[in-house]
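Subject: Structure handover

Hello,

Here is the structure for you to look at. Please open it first, then read the notes below.

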Amino acid sequence: MSVEKQAKGKAASPEEWLLENGNIKLLSKERRGRSVHNMSSSSLRKKSDRTLVSKVPVGFLRQFLGNLQEILLGTKLAVLFLAIPFAIVAKYCNYGDAWVFALSLLGLAPLAERISFLTEQIAFFTGPTVGGLLNASCGNATELIIAILALIEHKVDVVKYSLLGSILSNLLLVLGTSLLCGGIANIAKEQKFDRKQADVNSLLLMLGLLCHLLPLMFNFVAKSPDFTTAGKLQLSRASCVVMLIAYGAYLVFQLWTHRDLFEAHEDEDDDVVADDETPVIGFWSGFAWLVIMTGVVALLSEYVVATIEAASDSWGLSVSFISVILLPIVGNAAEHAGAIIFAFKNKLDITLGVALGSATQIAMFVVPMSVIVAWIMGINMDLDFNLLETGSLAISIILTAITLQDGTSHYMKGVVLLLSYAIISACFFVYRSPTDGIESGNMGLVTSPEQGIMRL
């Protein structure tokens with residue numbers, strides 16, 4: 001018996017028991033699988049040397065410093081963590097709201113990647129299903145937190161613009177850049193991908209678009225303004241319930257019935273996969289750090305929401321342009337970079353999973369959840385994003401679906417998507433919404449009361 005126990009003890013490596021309480025066994029790589037979001041984020045990670053930390057004599061302190069080192073130095077975006085204390089100092093020392101906004105925006109970039117890293121660490125112990133649910137909940141935590149904080153400040157337009165911008169950024173900018181770079185890097189070979197996952201995401205995005213179009217149409221068919229407002233609000237809330245039901249069905253489809261379609265196919269020669277076979281942080285440590293990181297994201301998001309108008313006035317840019325273009329680009333830089341890196345490696349299934357998966361998550365979960373939260377808070381937020389915004393969303397979804405219909409890719413598809421994003425960006429650059437509060441000047445579309453026309 002003792003020999004048998006000894007053999008079992010040798011078979012179990014220390015990496016298989018990283019839980020502090022020792023109650024949950026580490027799941028094997030074959031059982032847990034890896035989502036495309038985890039694979040994308042892992043491309044920006046790097047190993048940290050624990051030589052100095054291992055010499056600390058106190059066990060608890062050694063573990064804390066080791067975890068801190070993994071969190072702060074385990075990413076190639078580690079230098080951007082410096083923006084977080086600078087943003088706090090700028091806020092409390094009154095260095096200017098524009099500086100607070102810019103530094104907070106930069107600080108959000110590495111935090112989004114670290115949240116993805118921590119959810120993957122927790123998934124080592126909980127399995128792919130719970131890990132997938134965590135990723136579905138925390139994958140776009142930045143957008144959801146910004147939306148809730150903006151609703152608290154009654155900035156409904158900022159919520160709509162930022163969520164619209166996140167969808168457009170994923171569909172046109174990220175996917176377009178990935179297809180362009182991947183097509184050029186692999187110009188001698190035909191790039192192919194599995195259409196099944198792309199088709200599912202496209203269907204959900206079409207459903208989300210329908211839920212946006214119907215409230216918009218109320219503006220043209222309703223006979224009285226009062227009926228239009230009340231009808232749009234009721235229809236939007238009902239549509240959001242439908243969208244959340246569809247998103248729940250999507251999670252069942254993704255995590256249970258058709259999991260193989262959404263798991264990243266790992267190659268044996270993939271260095272990123274080899275580096276991530278075992279966890280580096282325990283379950284309870286990962287959970288604690290996830291709470292801390294989410295709290296920091298909430299703090300910086302509060303700074304972003306509070307200072308966006310001041311940044312708009314200081315930089316001469318409209319709130320709509322900052323919300324639709326700048327916020328998504330900087331806030332999701334880590335995930336976007338990962339998608340582009342895998343396109344270079346001719347792993348378009350991972351790239352499409354990241355770009356389309358994020359767009360679907362925002363459109364079918366974050367947007368309806370924002371409307372429901374606003375409903376609970378007594379704020380009238382509907383799904384009418386106005387004609388220009390909804391039209392841009394519709395064209396982007398249709399264009400993306402057409403681009404991916406044949407299951408192959410080349411750099412010309414990336415060029416078209418990127419140019420589409422460029423012209424939409426130019427549109428929001430010159431557009432001034434009524435909430436921007438910018439006086440007539442040299443930039444943007446402004447109303448001339450004397451002439452009653454729109455002019456530059």
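The largest nonpolar core has 105 residues, and those touching the most other members are Phe101, Leu108, Leu111, Leu118, Leu151, Leu171 and Phe428. A nonpolar core is a set of buried Ala, Val, Leu, Ile, Met, Phe, Trp, Tyr and Cys residues joined through side-chain atoms within 4.5 Å. Buried means under 20% relative accessible area, exposed over 50%, and partly exposed in between (1.4 Å probe, protein chains only). Helix 16 (residues 348–376) gives the most to this core, with 16 residues; helices are DSSP runs of H or I, at least four residues, numbered from the N terminus.

Leu111 is in contact (heavy atoms within 4.5 Å) with Phe81, Ile84, Met293, Val296, Val297 and Leu300, leaving aside its neighbours within four places in sequence.

This is a predicted model: local features need pLDDT of at least 70, side-chain atom pairs count only at pLDDT 80 or more, and totals for chains, interfaces and linings use all residues. Residues are numbered from 1 along each chain as its sequence is written, and side-chain values use heavy atoms, with hydrogens and water left out.

The chain has a mean pLDDT (the predictor's confidence in each residue, from 0 to 100) of 80, and 76% of its residues reach 70 or more. Over residues 1–33 the pLDDT is below 50, and this stretch has 47 contacts in the model beyond near neighbours in sequence. Where pLDDT is low, the predicted coordinates should not be read in detail.

The count of disulfides (pairs of cysteine sulfur atoms within 2.5 Å) is zero. For Cys211, the closest cysteine sulfur is in Cys240, 7.6 Å away, which is too far for a bond. Cys211 is buried, at 6% relative accessibility, while Cys93 is partly exposed at 41%.

Regards

Conventions
Helix = DSSP H or I, 4+ residues; strand = E, 2+ residues; numbered from the N terminus.
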